[in-house]
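Please read it alongside the coordinates.

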Amino acid sequence: MHMADALLAPAVAATMYVASGTAAGISIHKLKKEDDPAKLPTMAVTAALVFAGQMINYTIPGTGSSGHMCGGMLLSALLGPQAGFLSMVVILTIQCLLFGDGGLMALGANIWNMAFYGCFVGYYLIWRPIMQGKLFAGMGAKAGQRARIILASILGCVITLQLGAFSVVIETSLSGITELPFGAFLALMQPIHLAIGLVEGLITAAVLVFVYESRPELLRDVDTSDKAVSAKRSLKATIAILAVVVLVVGGGLSLLASGNPDGLEWALFGNAEEGYSENMGLDEESFGVSSAAADTAGAIQEKTALLPDYAFPESESAVGTSFSGVVGSALVAGVAVLICLAGGFFRKKKAGA
Amino acid sequence: MNKMEKALHELAEMDELAAGTSPIHGLCAPAKLLTTIAYIAVVLSFGKYQLSGLIVMVLYPVLLFQISGVSVGSFFYKLRIVLPLVMAVGLFNPIFDRRILIQIGTVGVSGGVISMLTLMIKGVFCLMASYLLMATTPIDVLCAALRKFHLPATLVTLLLLTYRYIGVMTEELAVMTEAYALRAPGQKGIHVSAWGSFLGQLLLRSMDRAEELYNSMLLRGYHQHFHYAPVKKCTGKDAAFFLGCTACFLLLRFVDLAQLLGSLFVR
Amino acid sequence: MIEFKHVDFSYEKDRPVLRDLSFRIEKGESVGLIGANGAGKSTVMKLLLGLLSPTSGEILVDGVRVEKKTLPEIRRKLGFVLQNSDNQMFMPTVYEDMIFAPLNYGLSREAAEQRVDAVLQKLGLQELKHRHNHRISGGEKRMAAIATILAMEPEAVLMDEPSSALDPYNRRLVINTIRELKQTKLITSHDLDMILDTCERVILLSGGSIAADGPAEVILRDRALLEAHRMELPFCLAGRA
């Protein structure tokens, strides 16, 4: 769901920066008031863990696809919403700077879409109410707690991802870069992210339940007062619950994924290496120089046709593209190629000297 | 190579690139950061049909790639993550926007095609600019620059600490993934029975690690303040780079150089 | 310089980790703290550094009791080299890591930098100064970790498994470095050959109390004693039996 710079108009990008910046400012303020100096190293190590953990491929039973973990929910369940949010900010920043996931301008929007919902909405509206509630109390203290963790994780991931996807649609539409009608875009994004959310929720639930079984005191809002009862059986029970949910979800997903062996990853818009080679093919086409080269070809064709028969459509005065534009672009491409050649030449000379 | 190893490889590659010694590497980080932001802002501000104006903006990354000696190859690899979403969004433009904007010979080019190309080129250019920034600036130097722009110390420190441990954690997970794969041949990912414990185990260990890390800080007299290496002072050269580049961007934004050049030859 | 007086410690009730532990280490001594896994070696270190507090008894450093209000003073005197250098080196570069403690203790940047340079020079590590912590090898990392501690100019150096996971060359480098240190030294390790090379005295911990305390040459040659406490003679003394 990482948005690229190109999907945003500068005004929208700036607005999202302000929104995310405000959330970060409030979080830092709150954290300073908590005055827990041990928190910073914990946040750093957990953020690093989540960063790496998001690269794990989890096999989704019944499909050929694999899913990934949702960082926001995990971080806020472990560190609380403010610290979780800041950790996500840092993860997204590093992904943006060093891995090219997202963009410098889009960072504000990406933080909002992925960190803000995942941490604040996920924590205050979902995790905390569910964990402190009396849901599943009839199942016994421990089993009830576990069921609450699973429910909160799944709901949390699904809802925050829906909100995130919705924001992507709004931000893109406001930026005016797509001709796709708002409704159609929404209809495209939301169901895909529903499926992703379910899977992410299950994975996150599995991790959190494991933490709960081993060190419940690490989790926020989890009642650790009652004595642990036969952890072994409860783990089995958990896996059984998970298995049932997974089967149901997996069945649904396999329908979705059936058209494409790696449906989910495709749905993630190429989070997968599988899509890499195709993407690469497309990349080179859209790379400035080559596309300008295509334009050159067009220009040559034009010349040979002898009739420079091009025209502007009626009112589009803002249109900067005309035939002379095409020729000019080709010239620019030529200059760019010259620079490259010259650069190579100079470097070779340097190496020779 | 699994995903984590690839990520480690990418990290190492960025480190090596950033450690270069070209004139671009020598510029101060704040100047480079501001120039990059200016470039991206100008690129994004082009209208959706202003393809020819936009194309001229290729000169900045091309020049930078050449002067800094950073290879374009590794840049293309980075495109794989962001571009698909841009493509997915852009691909619909030709379907919905079919008005013919220019006629080249007998072929009419619709507005949708132009806006799709514009969008994709924007995506590539913006990513190029930030890639060039990171390939010529070590991340700790950039963080120091961010601190100069009054980004809160908490965030900057967290960023650096996290960056320090990303390598450590990714390596640990890479080894775990390998160990898992060796005992589970033929499985594509982590089986559902290990969903919780695989990362969970590492998570618990990491909590102990965080504690030890904090102890190590305490034992060396930590009281909530981190001292980083002093930042290199920005000079007139850096200012000239920033101002010069920004002026060029603005000029190119308002004067369609491609159009101008073209009209010298055609018509 | 370091004194444990009747120290008891337990994480959980009824499961004592240390039992009535008493020993003294004089200024300038180098002491090896050995014992099987779970004997309580790390706990001794943590207690001494004030990361844990004893259930009963007291610990003195230079006659000052280790307690909350004396911690800054005490920690300044003790340099602790962690077993996992990655946990110790948390700053981006070696230089920033080394200068961390001196700056925290109020030195000016110039004075601190001089100190860093002096330590690097002494250990022959000048080349590492501006390297990134995540880009140096395991051996370099261990040496750099020792350097960060020496830059604090501590009066005593505590080390947890300083020779673990090093190749023979780097292990020897670390051993030679330790031997040259003038400070009081307390080293825990399972590498008894290294202890023999670096320490004149050995304290053998077993089940939370002292099983033996004496010259390294004597204790590390006592096959029966070592085997009784789940250890073996150092290789260099074992011969080829």
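1. C:V202 stands opposite C:G214 in β10(C). In this predicted model, strand β9 (residues 201-206) and strand β10 (residues 209-215) of chain C pair in the antiparallel sense, over six bridges. The two strands form a hairpin with two residues between them. In the turn, C:G207 has a positive phi of about 55°.

2. On the partner strand β3 (residues 30-34) of chain C, the pairing with β9(C) is parallel and runs over four bridges. Here C:I34 has C:L204 of β9(C) as its bridge partner.

3. Is β9(C) enclosed or open? Five of its six residues are buried, so β9(C) is largely enclosed by the rest of the structure.

4. C:I195 is in contact with C:V202 and C:I34, among others, when its neighbours within four places in sequence are left aside. Its other contacts on that basis include C:G32, C:I187 and C:L220.

5. C:I195 is also among the residues with the most contacts inside the largest nonpolar core, which has 271 residues. Domain 1 (20-137 + 235-267) and domain 2 (139-232) of chain B both contribute residues, so the core lies between them.

6. Between chains C and B, 25 residues of chain C are in contact with 21 residues of chain B. On the chain C side, α4(C) gives the most, with seven residues. By class, that side has 13 nonpolar, seven polar and five charged residues.

Terms used. Residues numbered from 1 in each chain as written. Chains lettered and ligands numbered in written order. Predicted model: local features only at pLDDT ≥ 70, side-chain atom pairs only at ≥ 80, totals over all residues. Core = buried A, V, L, I, M, F, W, Y, C linked by C-beta atoms within 7 Å. Buried ≥ 20, exposed ≤ 12 C-beta atoms within 10 Å, placed from the backbone. Domains from an automatic or database assignment. Contact = placed C-beta atoms within 7 Å. Nonpolar A, V, L, I, M, F, W, Y, C, P; charged D, E, K, R; others polar. Pairing = 2+ DSSP bridges.
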